[in-house]
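Hi,

Here is the structure I promised to pass on to you. Please open it beside this email, and then read on for what turned up.

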Amino acid sequence: MAGSLFLAGMAHAQTLSIGVAAPLSGTSALLGQQIESGARLAASAAGAEITVVDDACTAEGGAAAARAFAQANVQVVVGFLCTEAIEAALPLLKDAAIPVITVGVRTESLTDRRARTGWPVFRLGPRGDDERNAAATILTRLWKDELFAIVDDGTIYGREMAETVRATAEQAALKPVFVDTYRPEMDNQIALVGRLKKAGATHAFAGGDGADIAIMARDASQLDADIVFAGGEALRAAQDTVPFANGTLMIALPEWSDVADGKVLEAFTTAGIIPEGYALPAYAAVQLAQAASVAGKPMSDALTGQDFATAIGTIRFDEKGDMSENPYRAWRFDGQRFAPVEGQ
């Protein structure tokens with residue numbers, strides 16, 4: 001790809017010192033171990049040095065990690081899963097001119113405030129609003145010629161998802177045939193489905209849990225209502241009682257191991273590391289740091305507005321430090337798994 005920074009030939013570059021911030025204690029320790037494992041594997045492949053610090057997912061731990069990284073003279077930090085830890089660390093890392101590539105913090109204000117705070121942060125992962133924005137954009141395009149409904153379970157998550165889909169549809173001059181709130185965690189949703197059928201809906205977005213959406217589809221079949229249901233990434237959770245109906249749509253992130261570079265997956269296998277959770281994003285974060293370190297300009301500048309080829313695909317950060325492309329995609333259940341919807 002023209003203008004891309006690739007990672008070949010980096011072995012002879014100056015050794016890069018990378019800080020790895022991860023919660024290696026407490027309830028998030030398993031996720032922190034995924035970060036450490038992925039970062040160590042990538043650093044070994046790139047000939048980089050790493051300094052690993054437990055940020056404990058707390059403000060105190062984040063600040064302590066930042067001080068340790070500054071003392072170690074690292075050039076960049078990767079990791080961080082918790083808002084409290086990274087927000088406490090960033091003022092100190094800013095003073096030390098150390099940029100951060102976070103693999104797990106979704107808090108929107110982290111990058112929205114960048115112009116005011118000057119925090120040198122880059123987000124290798126979704127923003128908090130990416131899921132609902134993707135659902136709205138994708139479904140508005142897919143359902144532009146359909147009779148669709150929008151329902152939610154009354155939770156903050158469900159309402160925000162549903163309202164974003166509704167508002168985006170209205171901006172595209174599309175109006176749902178039915179809008180309602182349903183009671184979640186019910187044994188059946190016959191009453192709701194009956195109202196959807198009466199309204200003539202052939203498609204319905206539900207802001208809520210996957211179990212409720214599976215029950216809606218089951219009840220629609222019992223009422224001979226031909227309705228395609230869609231939901232967010234909550235549908236990733238397996239359904240033990242009611243399976244998803246064929247054709248159910250899910251707006252979610254890809255499983256990184258499904259899209260990762262084959263040679264990188266082989267390296268994980270050889271090292272005895274399972275490429276799950278944050279392991280592959282952490283690997284990619286180290287790749288980004290290594291590529292940016294040889295760009296001949298300050299790393300924060302090098303990381304902005306440039307395509308990088310990584311183990312999980314091409315990554316570009318915008319001026320705020322967010323990924324320039326929303327990573328959420330549409331998936332359709334085929335009876336066994338959620339497969340990518342063609343044409344994305």
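Helix α6 covers residues 130–142, and its end C-alpha atoms lie 18 Å apart. Helices are DSSP runs of H or I with at least four residues, strands are runs of E with at least two, and both are numbered from the N terminus.

This is a predicted model, where local features need pLDDT of at least 70 and side-chain atom pairs pLDDT 80 or more, while totals for chains, interfaces and linings use all residues. Residues are numbered from 1 along each chain as its sequence is written, and side-chain values use heavy atoms, leaving out hydrogens and water.

Among the buried residues of α6 are A134, I138 and L139 (buried means under 20% relative accessible area, with a 1.4 Å probe and protein chains only). The buried residues of this helix pack against α7, β9, β10, β11 and β14 (contact means heavy atoms within 4.5 Å).

Now to the aromatic rings. The whole structure holds six aromatic pairs (Phe, Tyr or six-membered Trp rings with centres within 6.5 Å; planes under 30 degrees apart are stacked, over 60 edge-to-face, the rest tilted). F244 and F333 have ring centres 5.9 Å apart and planes at 65°, so they are edge-to-face. Because F244 sits in the loop between β10 and β11 and F333 in strand β14, their pair ties together parts 89 residues apart in sequence. Both residues, F244 and F333, are buried. F244, F333 and F338 form one aromatic cluster.

Enjoy exploring!

How values were computed:
The expected span of a helix is 1.5 Å times one less than its number of residues. Buried means under 20% relative accessible area, exposed over 50%, partly exposed in between (1.4 Å probe, protein chains only).
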